[in-house]
Structures are given as structure tokens and as C-alpha cells.
Amino acid sequence: MDAYAEDAPQDAEGHPVVGSVGHDVPVELVWAAGARSVRLRGHPAWDRTRSATYLGSGLDVATASLFAGILHGAFGHLDAIVVSSDCDASQRLYYVMREIRRVEPEIGLPPVYLTDMLHLPRESTARYNVRRLEQFRQMLRTWFRVDPLDRLGEATALSARIVSLQRQFVSVARSEVLRVTGEQALAVFGAAQRLEPRRYAELLAALLAVLPGMPALEAPRLFLTGSSHDRPDVYRQIEEAGWLISGEDHDQGQLALQRRFPEDTPATAELLEVLARVYRDNGPTPQRASIERRARHTAEAAKHARADLILSYVRDRDDAPLWDYAAQQRQVDVPMVLARNQHYSALDTDAMRRALSTPGRTGASA
Amino acid sequence: MTSSARPARTDRLRSARRALKHQREWFVELHERARAGERIALVNADTPHELLRAFDVPYVVNQWWASIAASQGGAQRYLDLVAMEGYPRDSEQYNAIGLGSLFDPDPATAPWGGLPKPFLILGELTGDVSGKVFEAWATDPDITFFPLESAAEPLVADANWWDTLSTDWERLTGPDRIDLMVAEMHELIALLEATTGKKFDPAKLARIMDLGNEQADWNRRTRDLLAKTTPCPVAINDSIPAVMIPQWHRGTEWARDAARRLFEEVQARIDVGYALAEPERYRLMWIGRGLWFDLNFYRHFEQTYGAVFVWSMYLSIAADGYARRGSNHLRALASRFIGFHEHLYVPPMSAEWYVNQALTHGVDGVVHLVSDDPRGSWATTRALRAAGVPVLEMHADNADESTYDVQAFRQTVADWLDGEVTTSLGARGRRWEHRR
């Protein structure tokens, strides 16, 4: 069996497939162009040697692993790769892929594009995002010969419906009563980034119908902050140690709920304007949000998750969460611990033992 | 090992000595102004300092301050203080060293008497962390952090930008990013008007821009002179302060004149046949930030190996990256700062520039310092090697010596000179013995 084949997305209906990288790819435009968007992710078993040749050693290995998948064809045929500016590693990946297409075309990377959605809470940033969305629209038009604007209203409404269903999911299964584990919840959010969106909405609605009848789960509750998780391995480790992850605030999970669409479907002329603001306010991720906003969000989300303990899990070379840690610690009202310098998709045993048994260490350099 | 070069000339450039003296005096005066209640700003290098100058707000450049701290043994002190506040000690140290000044309980014992407390931090949101480092300053209620977006251009306007940028900047930078930064600058102007009580004077900014352009023109002349001159008459240890200190005073007559004097001094040295190293065996390019905590590194190779560093980004980006002609000064100013990052770190713009510079300077090899945070090292190294230029990649943080092994670092460079570079020179028929 090809070790790199497991993530190859299938599209039975023959729609173009766009691989997306990061949290800020405006998938609504991709859907409206008649393409399927699949958020790419790495795998800890993939060999990163070749990927590291291009990307160097100074960035989050989750992205290096993802790139290893691209180089090895793990995602099957991709009609294009769209990268967001959601973090430094994504941007670096974009620049490297763009340069590879220029100087090593024999590698055969598909067309690549950067959607530069910015996040300062200013009107000027929203206006900038509108221009970038308009350019992305034109790029999709060039690629797929369809004007995404024609069906963007529909796609935006579908995106809003998915967020609404996900909020209901959290409300029923992830608040006072826990009816799913953290690993299961991560799978629910992760599926949104990989399945055809209508199918995802149907499946999530079906899950919501049966959730109230599922038994309540009892265990000490842990809230997970810090680096994001595109694989369930760390969740599994923590939950096998007797904890339940009752909430998190990373971009592969519950941060999806923070996308705020208007209640009424906007007119076509306003759609890019609306999306520009949705993506400007997307987050707050450690890499793009201020320390203050991030700490406030973590404190509120951990309270909602009724956490007994907060763990900041930080991968090696993913420095941004380390800068949030002190402020988060000041704002939360339950013990908080840090596990830093972690490998991709793993929590080392010593760090886990220390983190889950000796809360109260302070400082990101501890 | 080839170690029989005569000791290098040790007389420093007057321009470098004068710049360093000026900076010392300026910093003493800055302390006095701060003590007298004047507002001081701390700015990142890639931000529009010219607006502060237009309001007569004195400012300190964060990277300059970090280089002073690192060269005076203060980096570890400041990083320790950063860690004591609960922030990481080992993350983006070059930006974080300055932050340590804020937490210093005894600034009088710090390098140069420490940094006066700023009222404003001006920084752009490059990478994942720099914005957070600057935001951390604003935990002090007397300090405001004004962030600027770091916008990226998805498409390449022109990989070969250096000859036309000063006039074709609107197209090369892209109007969307310029519009964004101009809007942000209007907000900054409003903030400065509110805090200083002064009205923004566009004519004053125009004069500042003119002076900055003249300064860039002198730097270009100096760079072009050095590119075509063998033997190299100027040590990198001298050219960096002689260029960068005036750079931080950009938009003043003193800075413009300092750039002119540097050119004249270099020309005078060339006229009398001044050689930094005799014989000059290797002509090298240094890519990356300066090795602030081991500036003797460069001198060591000049003296021991006859290896001269004829190129650093400090003079060459000053030559190619700053000049902006045009009557819309705010747009010109915005384009000046939007482009830096990609000219230095984003291929193909960065890679093609480095190749052009290596070829026009006739270098025998490139030492490429790769820190964790800068980008594009693969593309730079690949492009240079594809052009036939030997490259040695060295991995180190330029401002944090905590993991630096001076002997190992130097030995690696020495082995590379004796090996790949010497072989390459032989293969090209340009052995050092026959060069002059």
C-alpha cells in the first residue's frame, strides 16, 4: 500500500478539487466555482526530508509534513492549491511552491495561489480583503471557466448553515453535558474541511437528531489551547489518560464557530464585502490575533467548556502560542499548564505526565 | 589551510567612526530629551519612520537597539528579563531583545544607559510573533502599539525589480497594498496629531522624502563603486555602521551628507589603491543579518585568509530598495516599506537580486546566514548555485549567541574556503595568485 495515499480525496461527480492550506481560504468562492475544497493536512509518518530541503527547519512541522504529502502526491490529483496567509508557515509554503513552479516545473505542482486575508479590526483591512477576494474570484474564473459570483450567495448561505449546525452541535454535545469525546468532536469539525459541504450539512443534521439520546460522559475536563491539531493523536493520548477534552480553541476545531455571517443572505453586490469581514474577523488564532484577544477568547471558551484544567500544547517552531501563554494564564480561572517543544501530532509522555499532574508552572520559558 | 595573508589594515573608515560618534551623541541627547519629558517612539525597521520625523518625534529603531545590546553583551540580560515576564526566551530574539528594556529594573547599568521608555511602538505584523512582541510593550499603560498590516502579493510583478523600482514602484509593489498602508498611515497621522498637538505638514514630508532619495542615490554610487573595485577597500565592519546609522536618520541633511562622505571616502581609498587585505584571496558576499555578537568574525577572515566580504545587504538594499520618485509622497513612502521583506526574503525577487549582486560584485563565494525566522533560504542558495556561485549556509541566530560556537563556526567557513571556493576558483581559472 502507498503510505502517502491515505489522504487522496475522491470526488465521484468529477468536480475539480482544490487543495486548501490554512484557516483563511475563502472556501465559499471555491464552492461557488463548482469545485470541491479539501483542506490539506500532514501525517506524522510521512518522510519530511525532501520537504525540509525547501522549507528549511524554522517553521511548524505540521506544514512541513503537509508539504511532504504534496510532494509525494498523497492528495491525489489536485486542480489547484490555494494557500492562506493564516500563519507564517503557510505563507512560506506558498512562496516555495510558487518558486518551485518557476524553477523546477518538472516536479509538476498544480497552480498555486495565495489568498491574503488580513485581520486587524480596521475598515482599511476589510477594504483590502475585498480586493483580494475579487482577485481570487478572477483566478477561479480563469481556472474553472465559471464566475463564482453567480453562485456565491448560495455558497455563503451554505457556509452560514454549517456554522449554525456546528453551534447546535456544541450546544447539545459540548457544554454542560458532554456527549462526545474531544476526539469525536475534532472529527466532526475536521469533516467540514474535507467533505462536500451539502453532504456534510446533511450528516451533521442527522447527528444532531440522535445526539440528545447519547449518554453523558463523565471524566475530568480539559480545555486544549495552543497549536492546532489536524490529526487526533494528541486528543487520543490525553483522553486515554483519563481526561475528556471538553473544548479547544484551535483552527481545526471550535474556532470554526467564530465565523459570523449576517442573518439574512446578502445581495450579490454585497457578498464580497460580507466575506471580507467574515475573514477579517476569522479566528482568533495564535498566529494572527493579538495576545489580548486570544487570552480573552481562551478564558471565555474554557469557562463555557467547564474545564478543570487548561493545557497549552505547543509544537516545536510554532512560537505564537508561547507569547499568548502568560496573558492566558492571567485571565483564566482554572489551573493552566504548558507543554512546549512538542513533536507533530504527539504529546511526549514526560510532558503529559508533568502537565496533567502538576498544574501551576508559569512562564513560556519554563 | 591558506593563512599567510598579511595583517589587514586596521584603520577604520572615518565615515564609520563619525557615524558611531554621532550615534553615541544622539543617544545621549535622546536620554536628555526623554528626561525633559519629550515623547520617544520605538519603531521596527520596516515602518514609515518618515512620518515620525515629519512630526519631530525622535525614534529608536528596534533592530538597531538589538544590535547595540547584542554587541555590548546585553542580549542575554534582556532575554532573561523577557522570560521573567512569562514570555519565551528563545523566540524571535532579534525583535524581543528590545522588549527586555521595558522590564529592566536597573537601566543605568544596561548598554548605553538603556532605552528611554517610548510612548509609541510602531511595528508591522510580519510573521506570527513580531506583532505579539510589540503588543507586549503595550502592557505598560503609558505605551501605545500601532500595528501595520504585513500584506502579501500573490503574483509576481517583476522578478528583476532593482533597476526600475525607484520610479516604477506603483506597479512593482501593487496598488492594493499601497492603498492599505496609506489608509493606515492616515490613522497614524491622526494619532500623531492628537499626541503632539501638531498638524501634519505634507511639504515637510516632501523634503524628508527628497533627502531620503538623495541618500539612497549616494549609497547606490558607493555600492556600484565597490562592486567593480578589486581589491576591496572597505571592511564590512565599517560599511555596515557607515550605512546603517545614517539609514536610521534617513530624511535628515546629516544622513544625506554622511552617505555622500562615505562615497567620497571610498573613492579616495580606491584612488590611492588601498587594499583591505593583501593579497586579497577570496572575494565574498555575506547574505543575512550581521553577526552582531561576533563582529570580529569578518576581521578574522580578512586577516587570516585574505577573505574580504565585499557585499552585505545593508549597503545594497540601501542602494536599491529605498529610493522612490514621485509627487504622491504618502504612496511613495508606503511602497518603500511594503517591498523590503520580499526584496530580501521572498523569491523570485530576493533570489534574483542576490544572484545579480553576486555577479556584479564578482564574488568567489557566498556565506549565507540562515536564522529561523527569515524566509527563502532554499531559493536564494539554489539560485546562486545555479549561477555557479559557491554557497555556504550557516545556521545561527544573529543576535543570540547562546548557541553559537565561535571556533566551530569559523572552522566551517575556513574549510569551505579551502575546499569548495578554492576548487571553484581553480576551475574557473581565477586562482587568487593570478587575479591582480
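Q: Hi! Is Cys87(A) buried or exposed?
A: Buried: in this predicted model, Cys87(A) has a relative accessible area of 12%.

Q: And what about Cys232(B), buried or exposed?
A: Cys232(B) is buried too, with 3% relative accessibility.

Q: OK, switching to the two chains together. How many residues are in contact between chain A and chain B?
A: On the chain A side, 50 residues are in contact with 51 residues of chain B. About 4,200 Å² is buried between the two chains, and carbon and sulfur atoms give 51% of that area.

Q: What about charges there, how many salt bridges run between chain A and chain B?
A: Ten salt bridges are counted between chain A and chain B. One of them joins the side chains of Arg288(A) and Asp128(B), with an N to O distance of 3.2 Å.

Q: And how many residue pairs are in polar contact between the chains?
A: That count is 29 residue pairs, taking pairs in which both residues are at pLDDT 80 or more.

Q: Which elements of chain A give two or more residues to the side that touches chain B?
A: They are helices H2 (49-55), H4 (88-103), H5 (123-144), H11 (291-304) and H12 (320-331), along with strand S4 (112-115), of chain A. H4(A) gives the most to that side, with eleven residues.

Q: How do the residues on that side divide into nonpolar, polar and charged?
A: The side of chain A that touches chain B has 20 nonpolar, twelve polar and 18 charged residues.

Q: Can we stay with charge for a bit? Which residues are linked in a network of salt bridges?
A: Arg131(A) and Arg132(A) are in the network with Glu153(B), Glu170(B), Asp176(B), Arg177(B), Asp179(B), Arg331(B) and Glu342(B). Over all chains, the count of salt bridges comes to 62.

Q: Which residue does Arg33(B) form a salt bridge with?
A: Its partner is Glu38(B), and the closest N and O atoms of that pair are 2.7 Å apart. Arg33(B) is partly exposed at 25% relative accessibility, and Glu38(B) is partly exposed at 33%.

Q: How far apart are the closest N and O atoms of Lys199(B) and Glu193(B)?
A: They are 3.8 Å apart, and the two residues form a salt bridge. Lys199(B) counts as exposed, at 68% relative accessibility, while Glu193(B) is partly exposed at 22%.

Q: And which residue pairs with Asp224(B) in a salt bridge?
A: That is Arg223(B), with the closest N and O atoms 2.9 Å apart. Asp224(B) is partly exposed at 36% relative accessibility, but Arg223(B) is buried at 5%.

Q: Let's look at Asp320(B). Where is it found?
A: Asp320(B) is in helix H13 of chain B, which covers residues 313-320. With 5% relative accessibility, Asp320(B) counts as buried.

Q: What does Asp320(B) touch?
A: Leaving out residues up to four places away in sequence, Asp320(B) touches Trp161(B), Trp162(B), Leu165(B), Arg220(B), Arg223(B), Trp353(B) and Gln357(B). With Arg220(B) there is a side-chain polar contact of 2.7 Å.

Q: Over to chain A again: where is Arg194(A) found?
A: Arg194(A) lies in the loop between helix H7 (182-192) and helix H8 (197-210) of chain A. The side chain of Arg194(A) reaches the backbone oxygen of Arg39(A) at 3.4 Å.

Q: What separates the C-alpha atoms of Arg194(A) and Gly19(A)?
A: The distance is 9.6 Å, although these residues are 175 residues apart along the chain.

Q: Last topic, H5 of chain B. How many residues of that helix are buried?
A: Ten of the ten residues of H5(B), residues 93-102, are buried, so the helix is largely enclosed by the rest of the structure. Among them are Gln93(B), Tyr94(B), Asn95(B), Ile97(B) and Leu102(B).

Q: What covers the buried residues of H5(B)?
A: The cover includes H12 of chain A, and from chain B it includes helix H3 (62-71), helix H4 (75-84) and helix H6 (130-137).

Note on methods
Residues are numbered from 1 along each chain as its sequence is written. Chains are lettered from A and ligands numbered from 1 in the order in which they are written. This is a predicted model: local features need pLDDT of at least 70, side-chain atom pairs count only at pLDDT 80 or more; totals for chains, interfaces and linings use all residues. Side-chain values use heavy atoms; hydrogens and water are left out. Contact means heavy atoms within 4.5 Å. Buried area is the accessible area (1.4 Å probe) that two parts lose on being put together, summed over both. A salt bridge is a side-chain nitrogen of Lys or Arg within 4 Å of a carboxyl oxygen of Asp or Glu. A polar contact is a pair of N or O atoms within 3.5 Å; within protein, one must be able to donate a hydrogen and the other to accept it, and residues adjacent in sequence count only if both atoms are side-chain atoms. Helices (H or I, at least four residues) and strands (E, at least two) are DSSP runs, numbered from the N terminus. Ala, Val, Leu, Ile, Met, Phe, Trp, Tyr, Cys and Pro count as nonpolar, Asp, Glu, Lys and Arg as charged, and the others, Gly among them, as polar. Buried means under 20% relative accessible area, exposed over 50%, partly exposed in between (1.4 Å probe, protein chains only).
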